[in-house]
Amino acid sequence: MSPRTRLLTVYDRQRSFSRLGWISVVVLVLAVGVLGGRWYLSKHSLDGHVRRGLELLAQADSPREIRAALEIWENETRPAWQPRTDELVTHLYSNYPLEDQNARRLLTYVSGADYGDRHADWRRWYETRRRLREGLPPRVSRNERVKLEFRWTAPVGLTAWFTTIIPLDGQIYVASLGARFDDARDIADGVVRVDGATGQSELLFSPPDRPGRGPRDVVGIAAGDDCLFVGCLNGTVYCITPDGQTQWNTHVGSPVVGPPLAVDFNRDELTDVIVATRAGKVVALSGRTGRTAWVSDVARPPAGASMLGVTLALADVQPGHGTELVVTTPRGVVEVLAVRNGRSGWRREFAAGTVAGAVCRGGALEHGLPAFVGDRAARVWALMNSGQTLEAVPWSVPALRREETLIAGLRTLREPPEGAPLLLACPTGDYAGRRGGVCVLSPTGVQWRFPVGGAVWGTPAVADLNGDRVPEIVVTSIEAAADERVIGVVTVVSQAGHGLARQVLESPVECSPVIADVDGDEHLEVLVADQSGRLHCFGTGRRGPVKWGLFGGDSHNTRNADNAFSYGQVPFGYQWRWREEK
């Protein structure tokens with residue numbers, strides 16, 4: 001072989017090796033790319049997100065660690081799955097066993113639903129969710145069926161989460177914020193009366209203009225003895241007759257910041273009135289003359305603090321003390337006052353503050369849980385008698401996320417001797433987050449949670465709407481619609497935690513729903529006020545027990561379970577005469 005031939009042979013071999021090398025590199029790169037792509041897709045797929053969540057939860061042993069693990073998981077993965085939340089819910093429900101507690105925790109965290117280990121309840125919830133997304137009503141049995149039949153709409157002015165609406169013998173009285181809240185020039189502020197049968201409305205009472213005293217918004221009303229007590233943002237309390245005539249008026253020094261509470265505190269056989277003011281005072285006025293009977297300093301708010309949302313409730317809180325007043329303020333003060341003279345018997349401050357306020361159980365309890373308080377961190381506290389002392393003890397945390405809060409008030413669902421108390425709570429976030437929920441709580445934790453898809457500000461109503469002798473829950477919410485509108489939704493939930501009916505309104509709803517016989521047909525109606533200034537009436541065609549029909553529990557706003565249940569049963573035509581029916 002010649003030298004030239006040998007050189008060409010060597011060159012060809014080198015070129016072949018070089019070509020093979022490049023091919024090997026390309027193959028290697030492709031292999032790495034495929035494996036890397038699989039790894040990336042696995043990590044960033046829905047299943048990858050789920051596996052990451054299960055990995056974090058497997059290392060959590062306590063409720064605090066579980067919440068922390070869920071928060072870490074959400075911070076890591078949420079940007080990827082948030083636009084596909086519905087897909088993630090379907091993936092979790094369809095591909096992971098409900099027996100897996102950690103898989104259920106992820107499903108609850110993403111969907112807002114919680115039924116523990118009850119598979120049948122989970123299946124029913126998922127089916128209801130699917131039907132609602134297809135524009136279909138929930139599938140319910142004949143006995144469970146709830147009818148919301150539109151009756152009428154009436155203009156009543158602006159309402160808010162603290163607004164009181166009181167039906168009395170065929171007439172509905174609404175505390176109206178007029179056309180604009182906190183506007184001294186608003187001439188529509190007042191008490192609006194609506195005919196329960198026709199929906200015809202009129203401005204029954206408009207507080208006189210008091211120059212220099214601010215807006216005349218009516219922040220709340222309470223029924224007295226053939227009269228209404230009216231609390232105004234300008235600091236004046238009025239006593240008016242059912243036809244709107246003023247019997248007396250008293251200025252209490254600063255704006256009234258919550259619905260009045262009506263109670264005969266001086267035992268003169270005439271109902272009196274108690275109000276809370278922006279200055280942090282609780283003021284008791286004689287129902288006969290409007291004169292101040294006593295004043296108690298509960299809180300000294302910082303300059304500029306609104307204090308709007310102070311709540312008053314009646315209860316036998318401390319054994320041997322008789323009926324007492326439980327006062328809560330937005331800044332977290334909870335104080336128990338003697339109704340007769342306003343003396344303080346107990347005080348506690350909650351760092352998170354509270355606007356949900358207190359709910360009180362019926363009857364005198366020597367030992368037990370006479371009242372519950374919900375705070376802004378979505379925690380529920382029980383006021384517990386321990387010997388001769390009163391203690392506030394943590395009872396439940398129904399929230400799924402730290403940013404959730406309690407605005408809606410609590411309700412009791414079950415009382416002894418039936419068993420341990422059950423509480424109804426509505427943890428909520430911003431309406432755009434679509435994370436509002438309805439929960440039933442027991443001493444052992446959350447019994448169930450039903451997601452409503454928006455913010456829940458109004459306190460739910462509870463009554464038997466279908467005649468099956470089991471009360472239903474009516475909750476209103478503010479929701480973001482698919483077309484970016486903000487709407488109101490009325491949802492009826494069974495006591496077992498399942499959606500029974502859903503009614504959409506064109507305007508958002510802050511106000512608490514009302515359940516009562518408003519027209520004398522011996523059937524219950526549901527009243528809902530929206531942010532467009534309209535009150536809507538829906539007929540149910542059924543009659544059943546009313547447990548919590550009004551925002552304050554009863555027409556006196558006592559927030560007491562006994563009063564709420566007893567007054568809800570007063571027959572039409574006798575509703576003004578509550579004293580004779582107690």
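## A walk through the predicted chain

You're looking at a predicted model, where local features need pLDDT of at least 70, side-chain atom pairs count only at pLDDT 80 or more, and totals for chains, interfaces and linings use all residues. Residues are numbered from 1 along each chain as its sequence is written, and side-chain values use heavy atoms, leaving out hydrogens and water.

The accessible area is about 25100 Å², and carbon and sulfur atoms account for 51% of it (Shrake-Rupley method, 1.4 Å probe; for residues, only the protein chains shown count as cover).

Now go to cartoon view. The chain has eight helices and 35 strands; these are DSSP runs numbered from the N terminus, with helices being H or I of at least four residues and strands E of at least two.

**Stop one: two helices.** Select 85-95 (α4) and 101-111 (α5), whose axes come within 10 Å and cross at roughly 155°. Axes here are lines fitted to C-alpha atoms, for helices over the stretch in contact, with angles running from 0 to 180 degrees between N-to-C directions. α4 and α5 are therefore roughly antiparallel (the label for angles over 145 degrees). Show side chains next: Thr85, Leu88, Val89, Leu92 and Tyr93 of α4 meet Ala103, Leu106, Leu107, Val110 and Ser111 of α5, where contact means heavy atoms within 4.5 Å.

**Stop two: a four-stranded sheet.** Jump to the open sheet ordered β6-β7-β8-β9, with antiparallel pairing (two strands pair if DSSP finds at least two bridges between them). At the edges sit β6 (218-223) and β9 (246-251), each pairing on one side only. From one strand to the next, the twist averages 15°. Zoom in on β7 (residues 228-232) and β8 (residues 236-240), which run antiparallel and are joined by four bridges. Click Val230, and you'll find its bridge partner in β8 is Tyr238. While side chains are on, remember that in a regular strand they alternate between the two faces of the sheet.

Select 333-338 (β16) and 344-349 (β17), an antiparallel pair with five bridges. Which residue in β17 is the bridge partner of Val333? Glu349 is. Five residues lie between β16 and β17 in this hairpin, and Gly342 in the turn has a positive phi of about 80°.

Methods: Angles under 35 degrees count as roughly parallel, over 145 as roughly antiparallel, 65 to 115 as roughly perpendicular and the rest as oblique.
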